[in-house]
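Reader: Please take one part of this model and go through it closely. I would like to look at the side of one chain that touches the other, and then at the chain it belongs to.

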Amino acid sequence: MSNLVWIFVSALLINNFVLSYFLGLCPFLGVSGKLETSFRLGLATVFVMLITALCAWFLNTYILIHAPYLRLISFIVVIASTVQFIEMLIKRLSPHLFKALGIFLPLITTNCAILGLAIFSTNKGYGLAQGMIYALGAGLGFTLALVLMAGLREESELAPVPRLMRGTALNLIIAGILSMAFMGFAGLFSAA
Amino acid sequence: MSFDRNRLKTSDNARASRRPIMPKAQQDAYQEFIKGLWRDNPVFVQVLGMCPILAVTNSAVNALAMGGATFFVLVTSSFLVSSLKRWIPRQVRISTYVIIIATFVTVTDFALQALVPQIHKELGAFIPLIVVNCMILGRQEAFASKNSVRLAVVDALGMASGFLFALFALGGVREILGEGRFFGIDLFGPEFEPWVIMILPPGGFLTLGLLLLFFSWVKERKEQLAERLADMQGEPS
């Protein structure tokens, strides 16, 4: 049990996918303009991650033992179809959100955090329960980073920043400082 | 990827305005190459493919290995996509591109594992993650699927060189400041206190942010200079 808690906290804070593994930077820099949108994109990503983890475990246990070279291709196909499914679901349930997410919804497919999750949990040899907890932690960590960044960006819109600095350069430097803050979590469990 | 296409359009206009004197086919190819390397650099101008850019650039050697792998994947998949473009149905084109890219990445992954196991180990999961590098998919969608094989390969060569250049710049800066070394050679002697933060994750964000700032500053200066030049020419002296 403590093992599972450790996996969750580690994926959520200490080895945050965005701020210490640099995964999922495209949506992190692209969608983090508004708090509301980024929160919902985060939740969609969590959902895709959970399904991916489930499928990855299934593929790893039953199919990929026989054909390890198909790993990458089968993972990406699973992720692409899950995203397609979510896209249809969101379009049906909330057309407003569908519009707000725009191009970044299909781009969840090329969100490296999701493929990264499948590959990392395979490399670490996680079982089903561990894999699901890992996916949950990583997804929530992604959402946390996205929401924090969106909050900071909304503030920085109002700040008197030099013109040249505006845009991606400023966002990257904000992300750097955020990442520095997250490094503090590295000491969280060392005593235990 | 929609904004990528717009950028391509503006760069087409820019290309028409200043042309060096060369045979037409050759000059087109030359322009496509330079476009990727400098004017539309995938990293510094288009801000694509960020994840590998930041994750593996803690030393110049890793950056080069990653750049080389991406180079191979981009050029071969551009070649294949533009050769097959007539047979790929529109509805499933993205999935087709992704599968083509994934195939080449698998090849690269196994090749690196066999040839340079040490570097493969250090790059770890980031070699398979080339599949989801938005820069590669973006090139297939925006260029390779619409142009001749020759132009597509030249465009891929340019973009990949631009990517390699950016990776190398970032990796070089981070290794020099973070460890005081370049390709493992000591640069500053024993008194140098390395800026450890540069090789840790925050250093990646900060370095790239500052490099982008530098590039937009250069661009701004160039525009100002051109404006002043135009003013001077306009005034009767």
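Author: In this predicted model, 34 residues of chain B are in contact with 33 residues of chain A. On the chain B side, four helices each supply at least two residues: α3 (50-55), α5 (93-115), α7 (134-144) and α9 (201-234). Of these, α9(B) gives the most, with twelve residues. Sorted by class, the side of chain B that touches chain A has 26 nonpolar residues, seven polar ones and one charged residue.

Now the chain that carries this side. Chain B has nine helices and two strands. Chain B has 237 residues, and 41% of them count as buried. Among contacts in chain B between residues at least 6 apart in sequence, 76% join residues at least 24 apart.

The model scores ipTM 0.79 and pTM 0.79. The average pLDDT of chain B is 80, and 88% of the residues score at least 70. Within chain B, helix α4 (residues 60-84) has the highest confidence, at 90, and helix α1 (residues 2-17) the lowest, at a mean of 45. Over residues 1-19 of chain B the pLDDT is below 50, although this stretch has 17 contacts in the model beyond near neighbours in sequence. Where pLDDT is low, predicted coordinates should not be read in detail.

Key:
Residues numbered from 1 in each chain as written. Chains lettered and ligands numbered in written order. Predicted model: local features only at pLDDT ≥ 70, side-chain atom pairs only at ≥ 80, totals over all residues. Contact = placed C-beta atoms within 7 Å. Nonpolar A, V, L, I, M, F, W, Y, C, P; charged D, E, K, R; others polar. pLDDT = per-residue confidence, 0-100. Buried ≥ 20, exposed ≤ 12 C-beta atoms within 10 Å, placed from the backbone.
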